[in-house]
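Q: I'd like to learn how to read a protein model. Can we go through one together?

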Amino acid sequence: VTEGKQDLEKALSLSQRLQKDSAALQAWMSHTETQLKEKINTGDMPADIEAEITWANGVLKESERKKGDLSVVMENSAALQALVEGSEAQLEDQLFELNEDWERVHTLIEDWLSAVL
C-alpha cells in the first residue's frame, strides 16, 4: 500500500510538472512564432539590420535552450508512462505536437536570420 501511494504521489508530481513545463514551452513557441510571422509578413526589411540580427541570434539561442526544456519534458513523460498504465498514447501525442511546434519555430527563426543576413 505504501509503495502504491508513493507511486501515485510521484505520478501526480510528474503530471503536474509535465503540464506546467509543456504549457510554458507552448506559450514561448506560440509567442515567438507570432513575432516571427509578423516580421516575415511585413515584407520589408527592418531599418536596423544589426539590431535584427542580434535579436534573431538571441531568439535562436533561446530556442536551443527550449530544446533542452523539451528534452526534460520528454524524460518526465517517459517516467510518467512507466508509472501510469495506458497513458502512452496521450502523452506521445502531446510530445509529438511539442516537437513539431519546436521544429516549426526553430525553422522560422533560422529562415528569418538567413533573410536578414
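Q: What does the side chain of Ser 63 make a polar contact with?
A: The side chain of Ser 63 pairs with the side chain of His 106 at 2.8 Å. A polar contact is two N or O atoms within 3.5 Å; within protein, one must be able to donate a hydrogen and the other to accept it, and residues adjacent in sequence count only if both atoms are side-chain atoms. A word on the model: it is predicted, so local features need pLDDT of at least 70 and side-chain atom pairs pLDDT 80 or more, while totals for chains, interfaces and linings use all residues. Residues are numbered from 1 along each chain as its sequence is written, and side-chain values use heavy atoms, leaving out hydrogens and water.

Q: Is Ser 63 buried or exposed?
A: Buried means under 20% relative accessible area, exposed over 50%, and partly exposed in between (1.4 Å probe, protein chains only). Ser 63 has 0%, so it is buried. Ser 63 sits in helix H2; helices here are DSSP runs of H or I with at least four residues, numbered from the N terminus.

Q: And how do Asp 44 and Asp 111 count?
A: Asp 44, in the loop between H1 and H2, counts as exposed because its relative accessibility is 55%. Asp 111, in helix H3, has 44%, so it counts as partly exposed.

Q: What about the nonpolar core?
A: In soluble globular proteins, nonpolar side chains tend to be buried together. A nonpolar core is a set of buried Ala, Val, Leu, Ile, Met, Phe, Trp, Tyr and Cys residues joined through side-chain atoms within 4.5 Å. The largest one here has 24 residues, with Met 29 and Ile 109 making the most contacts inside it. H1, H2 and H3 each supply at least two residues of this core, and H3 gives the most, with 10.

Q: How far apart in space are Asp 44 and Leu 108?
A: Their C-alpha atoms are 16 Å apart, though 64 residues separate them in sequence. For Asp 111 and Arg 17, 94 residues apart along the chain, the C-alpha separation is 32 Å.
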